[in-house]
Amino acid sequence: MTTELNRRDFLKTSAATGVGMTLWFTFGDGLGLASGASAFEPNASMTIRPDGLVTVHITKAEMGQGVGTALAQIVAEELEADWKDIRVDYPTSDPKYGLMITGGSWSVNWTFDTLSRAGAAARMALVDAAAQYWKAPAEECAASRSVVRHLPTGRSISYGDIVAKAPITKKFSEDDLKKITLKKPSEYRVVGQWTQRLDIPEKTNGRAKFGIDAFVANMVYAKTAYPPTREGGKHTAVDDSQARKVKGWVKTIVNDQLVAVVATSYESAVKARDALKITWAPGPNTGVSTESIFRDFAAKAKDGAGAIEWSKAGDVKAGLAGAARVYEATYTTDYVAHMQLEPMNCVARFEGGVYDLYTGSQFQTLAMGTLAAVLKTDQKNIRIHQHYLGGGFGRRLDADIILEAAIIAREAGRPVKLIRSREEDLRRDFYRSATLQTLRGGLDASGKITAWDNVIVASHPGTRWGPDFVNKQGLDDFALNGADHVYSIPNQSVRAIRTETGISVGYVRAVAPNYTFFAVETFIDELASLSKTDPLAFRLSMLGDQPRLANVLRIAAQRAGWGTPLPPNVGRGLACVSAQEKKTPTWTASVVQARVDPATGRVRVEKIICAVDCGIVVNPDGVRSQVEGSLLFGLSNALKERGTVANGALVQSNFHDYQVLRMNEVPDVVEVNVVQSAEYPTGVGEPGVTTIAPALSNAIFAATGARVRSVPLLPERVLKAISDKA
């Protein structure tokens, strides 16, 4: 897949933690046009109508996390809008919105300052317009709850009436925006409040439109035929004589990019696709299997060939040489699929040289760049009409289904709806990479860690997206984050061995910290055990420079009753992380209490106690819900989810053989403790995920004395660890 998205633009925004993100603003010459009955659009983030309704334009994907409500709260706070006047929409892609991406727990973190300034500037413009309307100094006016008041006289005018009656002329440059003094957290009246989510009513009454609900006039249905191997397969001959006999068949499309059929119904499209006789050249990956992949990973980790030092502090070689004891352990993680409930889908229409795509996308900007490059058209000819997502978890960062639908619509000459079945999409997913991580730690005579060496063998999704998505070393930072932990250890090194396997990988919720922290936090536990130190005290001894992480660790431990007795075969384990990314950490700690059946190896998680410090909390209910969801997502990853490979493709096909956490496996207690903070907000959609696998592995060790170093923590792996210990 290729892209024209410029890495500079991407990184410019990814580096932004609020201040300085000015991509959205169109203040300046574009301001001041509202008068009469026109709507007021001070910038790309909102529209204020003469009836007083404020529509906040959400350029993020709403996939169950409540992002629309949170971002609207940020705008409403500084706009001084009455919450009853607030609405949200999810606009069609347009360059004026800048980078459109939802992932990495970035949404609030990246936009808090920008949206705050947008709201404040709009409020100031409205106040200025009201003052001019009254011929009074703006300093004598104040705004509150969608009304501007002239304080000396008591006169008032609503925002809607200002838009309808008063010319709005105040302009802001980017420098002006940066100079705006925003509220202090103590002055918030919308941010930090338990506000009902704006998307819930239509999601409960059935009016919400997800991508799969999209229909357009004259639409037909499409099905694509995929090669037997995940990558490298190619069709060499296609016989559609039987497909043509299927009632409803419209057209067979065969080109260098795909094989597909178009029919008047989904069922007919399936029958016609299945009637195709296709000869495949399977390509070079038919021999790829789980065993061959991990055999290759282990060999590369052992000889270190191709390793690139990604993170370094001090002198690890000298640190290990001078250690009283050197300890080594290897951890593995299997492929993980996204398993979002709404199957991948897209409705595509190609008319007049313009592509209209109706779907739910997490990365509209990448999709537009990809489509423009592959379809050889200008991005102005591509419009992505955003819908709700029935789950994303990173799956809809990729534009594969959108691209297929666009090609088919172009070739079919009429609009098409393309839906992948769960079975199809599980085999076409971009999985969380399988990994093998070998860590070596040096301990001094007192049991203190003096050196840390980490070698990570994994595939890097960014290389698939193109050279713009890897760093100068050719490494994808998003495939390594978390390995650069924040513990105070004088000599540290993280080396990466990027290995492509023939199985495409992507970003799954929590991204690299989903597996890097499993190795880091389990290894820390192993070193604590070697030094005969309590795991909590061992960690705290290395967190003197990270008081916020130490604080959440203490909170989680205290709430979980750390150190109090437990019944036989029950153990507590903990983990603390700086996820999602080191530069914008959400300080998170979890204690997992688990019961292990030593006869079967089955693990039952009884309690999860989590503490999180994400800075300013915009929507407390949203934060709690996201952290709860992330903890259970992490538990599903840790206990059950395993993709295996044979003959160059994933073996599993649906929920019956790709297991995810079930309702009856949810712990009785899932407790989230959120630290009140005035620090700049970070994200909460993913950090909780990253704590569960290591905390659970450590809990199993506490319960049994057996160390399980492979995720998922399947019963057979637990049993083997118990057997090995014996």
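At what angle do the axes of helix 17 and helix 18 cross, and within what distance do they come? In this predicted model, the axis of helix 17, which covers residues 620–639, comes within 7 Å of the axis of helix 18, residues 687–704, and the two cross at roughly 40 degrees. As for handedness, the crossing of helix 17 past helix 18 is right-handed.

Turning to the residues involved, helix 17 brings S630, L631, F633, G634, L635, N637, A638 and L639 to the contact, and these meet G688, V689, T691, I692, A693 and L696 of helix 18. Sorted by class, the residues where helix 17 touches helix 18 come out as 9 nonpolar and 5 polar, with no charged ones.

Helix 10 (residues 364–375) and helix 11 (residues 400–412) have axes that come within 10 Å and cross at roughly 40 degrees. Helix 10 is therefore oblique to helix 11, and the crossing is right-handed. On the helix 10 side, the contact is made by A367, T370, L371, V374 and L375, while helix 11 supplies I402, L403, A406, I407 and R410. The class tally for helix 10 against helix 11 is 8 nonpolar, 1 polar and 1 charged.

Then there is strand 19, which spans residues 435–443. How much of strand 19 is buried? Of its 9 residues, 8 are buried, so strand 19 is largely enclosed by the rest of the structure. Strand 19 pairs with strand 14 (residues 325–333) in the antiparallel sense, and 9 bridges link the two. Within this pairing, G442 of strand 19 sits opposite V326.

Strand 19 also pairs with strand 20, residues 449–458, again running antiparallel and again joined by 9 bridges. Here L439 has N454 of strand 20 as its bridge partner.

Put together, strand 19 is antiparallel both to strand 14 and to strand 20, with 8 of its 9 residues buried.

Note on methods: Residues are numbered from 1 along each chain as its sequence is written. This is a predicted model: local features need pLDDT of at least 70, side-chain atom pairs count only at pLDDT 80 or more; totals for chains, interfaces and linings use all residues. Side-chain values use heavy atoms; hydrogens and water are left out. Axes are lines fitted to C-alpha atoms, for helices over the stretch in contact, and angles run from 0 to 180 degrees between N-to-C directions. Helices (H or I, at least four residues) and strands (E, at least two) are DSSP runs, numbered from the N terminus. A crossing is left-handed if the near helix is turned anticlockwise from the far one by less than a right angle, and right-handed if clockwise. Contact means heavy atoms within 4.5 Å. Ala, Val, Leu, Ile, Met, Phe, Trp, Tyr, Cys and Pro count as nonpolar, Asp, Glu, Lys and Arg as charged, and the others, Gly among them, as polar. Buried means under 20% relative accessible area, exposed over 50%, partly exposed in between (1.4 Å probe, protein chains only). Two strands pair if DSSP finds at least two bridges between them. Angles under 35 degrees count as roughly parallel, over 145 as roughly antiparallel, 65 to 115 as roughly perpendicular and the rest as oblique.
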